[in-house]
Amino acid sequence: MKITWYGESGFRVESAGKALLLDPYFSDALGKKREDRHRLCPVDPKWIQAQADYLLFTHCHIDHTDPETVELLLSAHPGLILAGPPSSRALLPFAPVFFELRAEEKAQLYPFEIEALPAVHSDRWSLGYAVRAEGKTLYFSGDTALLCGVQDRVPKEADAAFLCFNAGVGKNMNEQDALRMVKAISPRLVVPFHYGVLPGGVTADEFMAVMGAENIPVRKLEIGETMEL
């Protein structure tokens with residue numbers, strides 16, 4: 001499996017000739033609304049043109065469910081299948097195919113098995129996901145605080161856990177929350193996300209330092225970088 005990070009919460013997972021996108025943000029939609037929210041890095045046109053078969057959303061915030069990005073992707077990939085919570089669907093009335101998901105529901109999007117997982121965020125429909133393929137399990141936390149026993153309701157010993165890190169701002173984990181999550185679920189590898197694209201955010205430095213001090217296998221991706229599992 002190949003996993004590419006596009007900054008913020010955007011990922012692309014490739015397996016068996018298919019590609020799954022999660023929460024891509026390929027526009028400057030937030031910058032058009034607020035001068036202090038312009039993108040920090042440009043969008044590579046290759047990200048939009050790269051093969052995409054499925055598009056998965058975690059919640060309705062624009063840097064996760066962005067109608068401008070979806071329109072770009074549908075223009076490039078007319079057969080794209082979309083899925084996510086009801087709050088995301090409400091932002092995308094023009095989407096030709098959208099499957100609603102709620103926590104604990106599953107979907108088969110060949111070759112991926114998708115399991116919607118609970119997340120605690122300001123959107124009450126927020127989700128995380130387990131993505132399974134090639135005998136491996138990836139856990140994407142989505143935006144979530146470490147509340148309501150979230151750590152007891154997500155996969156244990158995943159091959160990789162992609163954890164939202166936003167210094168505790170806006171119902172997201174800080175580095176100590178992330179450490180408690182990791183100790184509870186014991187993934188083989190930890191990858192932080194939710195930074196790098198928008199101003200006023202965090203870097204991964206504190207996250208990396210806390211994980212490193214505990215000898216937890218952790219990897220920091222650069223925007224546009226691809227890793228293999």
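This is a short tour of the model, stop by stop, with what to select at each one.

Before you start, note that this is a predicted model: local features need pLDDT of at least 70, side-chain atom pairs count only at pLDDT 80 or more, and totals for chains, interfaces and linings use all residues. Residues are numbered from 1 along each chain as its sequence is written, and side-chain values use heavy atoms, with hydrogens and water left out.

**Stop 1: the six-stranded sheet**

Select β7 through β12. These six strands form an open sheet with mixed pairing, in the order β7-β8-β9-β10-β11-β12. Strands here are DSSP runs of E with at least two residues, helices are runs of H or I with at least four, and both are numbered from the N terminus; two strands pair if DSSP finds at least two bridges between them. Now look at the edges: β7 (106-109) and β12 (190-193) each have a single partner strand, so one side of each is left without a neighbour in the sheet. Neighbouring strands are turned by 20° against each other on average, direction ignored. Angles run from 0 to 180 degrees between N-to-C directions, with axes fitted as lines to C-alpha atoms, for helices over the stretch in contact.

**Stop 2: β9 and β10**

Next, select residues 127-133 and 136-140. These are β9 and β10, antiparallel strands joined by five bridges. Display Ala 130 and you will find Tyr 139 of β10 opposite.

**Stop 3**

Move on to β11 (160-164). How many of the residues of β11 are buried? Five of the five are, so the strand is largely enclosed by the rest of the structure. Buried means under 20% relative accessible area, exposed over 50%, and partly exposed in between (1.4 Å probe, protein chains only). In a regular strand the side chains alternate between the two faces of the sheet. Here, Ala 160, Phe 162 and Cys 164 are on one side and Ala 161 and Leu 163 on the other.

Contact means heavy atoms within 4.5 Å.

**Stop 4: the cysteines**

Show Cys 164, which is buried with a relative accessible area of 0%. Its sulfur is 15 Å from the closest cysteine sulfur, in Cys 60, too far for a bond. Then go to Cys 41, buried at 15%, where the closest cysteine sulfur, in Cys 164, is 17 Å away. With a disulfide taken as a pair of cysteine sulfur atoms within 2.5 Å, the count comes to zero.

**Stop 5: helix α3 and its cover**

Select residues 67-76 for helix α3, whose buried residues are Thr 69, Val 70, Leu 73 and Leu 74. Seen down the axis, they fall within an arc of 130°, so they line one face of the helix; the arc is that of the directions from the helix axis to the C-beta atoms. Their cover includes β3 (18-22), α2 (45-49), β4 (54-56) and β5 (81-84).

**Stop 6: β3 and its partners**

Finish on β3, where four of the five residues are buried. β2 (residues 11-15) pairs with β3 in the antiparallel sense over five bridges, and Phe 11 has Leu 22 as its bridge partner. The two strands form a hairpin with two residues between them, and Ala 16 in the turn has a positive phi of about 50°. β3 also pairs with β4, in the parallel sense over three bridges; look there for Leu 21 and its bridge partner Leu 55.
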